Amino acid sequence: MKRIATKACACACALALAASGSTMIGCSNGGADGDEAQQSATSQNAGYTFTDDLGNQVTVSSHERVVAGMGSFANIWELAGGTLVGASSDAFSDYHIESEAEKVGDFSSLNAESIIALNPDFVILTGASSGRGGGVAQTDLKDTLQAAGIPVAYFNVTTFDDYLRMLKTCCDITGDAEAYKVNGTEVAESIDAIKKKAEGKSAGSVAVLTTYSGGTRVQASSTQTGTMLAELGASNITDTDKSLLSDYSLESLVKADPDFIFLLPMGDSSEAAQKALKDQTTANPAWKELTAVKEGRVITLDPKLFLYKPNDSWDDAYEDLYEALYETPREQK
C-alpha cells in the first residue's frame, strides 16, 4: 500500500521543535500550542533545533540543499516533502529516489569531498556502527562537515517507532504536516490494527536466518524483523539461547526446533547467499527433520520489506508476517 505524499506549504510554526528533541510541534494559529512552541522551541528565524539520536543538538536554518548518507534516509526525507542534492548510491539503486541528486559514494564509504562540493544546508547520516555491506562509520565525517560549517544529524532507525520519530523530525523541518499524516500516522494506525488482530495469540517459536555469501546468522528479537515478530506474538529462539547469536550451527537449530523459520538472503549476490545456506544447512539430512521444514513453515522474506527499511510500507511488512504466522495454510510434508 505505497503512499505518495504531496508537498504542502510550510507554515511558520512548523520550524519549531522542543529542545528535548522528543516533543514534536505541529502547526498552530496560537493558543496553548503556540505558547508551548514559544516556550520550548527556537524561533523560525533562528532555524529549527532538535537533538539527534546521538545526543547532538542540531540547528537547520535552511533545507533547500540536503544530502542523505543512507538510501532509506534519502527516501524518508523525500517522504517528508523534501528534495535532495546528494545521496548515497543505494538511494538510487534500492529506493529509486525522485530527486535530481548526485551520488556521494556508497553508504559504507561516503566521500566527504563530494558532499562538501554540493554546498549542502543539511546532511543526514546514520549513527549505526555496522550494517549491510560492511562496516559503517559515518560518525567519522562529523568533524569534517562541521568544520565546513555544515549542520549534520545522525539517526538510528531499526524499528517502525524509530522510522516514525525520524519522519516527524524531517516533516517538522520541511513544514509538511500532511506528509507526516499520510506516511506516518496512517501507517501507524494500520500497524495497530494488525497488532490488534494478534492480541492474545501465540505463534510459537521462530528463527530468522540471515544468509549471505560468508555464512548464516540468526537474528535477535531486537532486530527489524525480530521486533515485528515479537509484537505479533512469536517467541524468538535466541531469547532462550543467546549463544545462537554468535555461534550458529545446524545442530543448534535442530535443538531449538522452531515452529517457523524465516529466511532473509542478503549481500551483493542472492545466489551466493542461497548457496551458503544450502552448503551449511539445507543440504544436511537433519534439515528435513525440523518441524518448520516438515510442516511447510519455512518462509523466504521479501528483501524490500525486511532487508531494507520499508519506511511508508512498514504496515505491509507487519501484514506479511501476520499472514505467515496465522493465516497461510501450509501442507504437511
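Guide: Contact means heavy atoms within 4.5 Å. Helices (H or I, at least four residues) and strands (E, at least two) are DSSP runs, numbered from the N terminus. This is a predicted model: local features need pLDDT of at least 70, side-chain atom pairs count only at pLDDT 80 or more, and totals for chains, interfaces and linings use all residues. Residues are numbered from 1 along each chain as its sequence is written, and side-chain values use heavy atoms, without hydrogens or water.

Visitor: Which residues of H2 meet which residues of H6?

Guide: From H2 come Phe73, Ile76, Trp77 and Leu79. They meet Tyr163, Met166, Leu167, Cys170, Ile173 and Thr174 in H6.

Visitor: At what angle do the axes of H2 and H6 cross?

Guide: Axes are lines fitted to C-alpha atoms over the stretch in contact, with angles from 0 to 180 degrees between N-to-C directions. Helix H2 (residues 71–79) and H6 cross at roughly 50 degrees, their axes coming within 8 Å. Angles under 35 degrees count as roughly parallel, over 145 as roughly antiparallel, 65 to 115 as roughly perpendicular and the rest as oblique. H2 and H6 are therefore oblique to each other.

Visitor: How many residues of H2 are buried?

Guide: Buried means under 20% relative accessible area, exposed over 50%, partly exposed in between (1.4 Å probe, protein chains only). Nine of the nine residues of H2 are buried, so H2 is largely enclosed by the rest of the structure. Among them are Asn75 and Glu78. After H2 comes Gly81, with a positive phi near 95 degrees.

Visitor: What does Leu325 contact?

Guide: Beyond neighbours within four places in sequence, its contacts include Ala203, Leu229, Phe260 and Phe262.

Visitor: What phi does His96 have?

Guide: Most residues other than glycine have a negative phi. His96 has a positive one, about 50 degrees. His96 sits in the loop between helix H3 (89–93) and strand S5 (102–103). At 57% relative accessibility, His96 is exposed. Asp257 also has a positive phi, about 45 degrees. Its loop runs between helix H9 (250–256) and strand S15 (260–265). At 27% relative accessibility, Asp257 is partly exposed.
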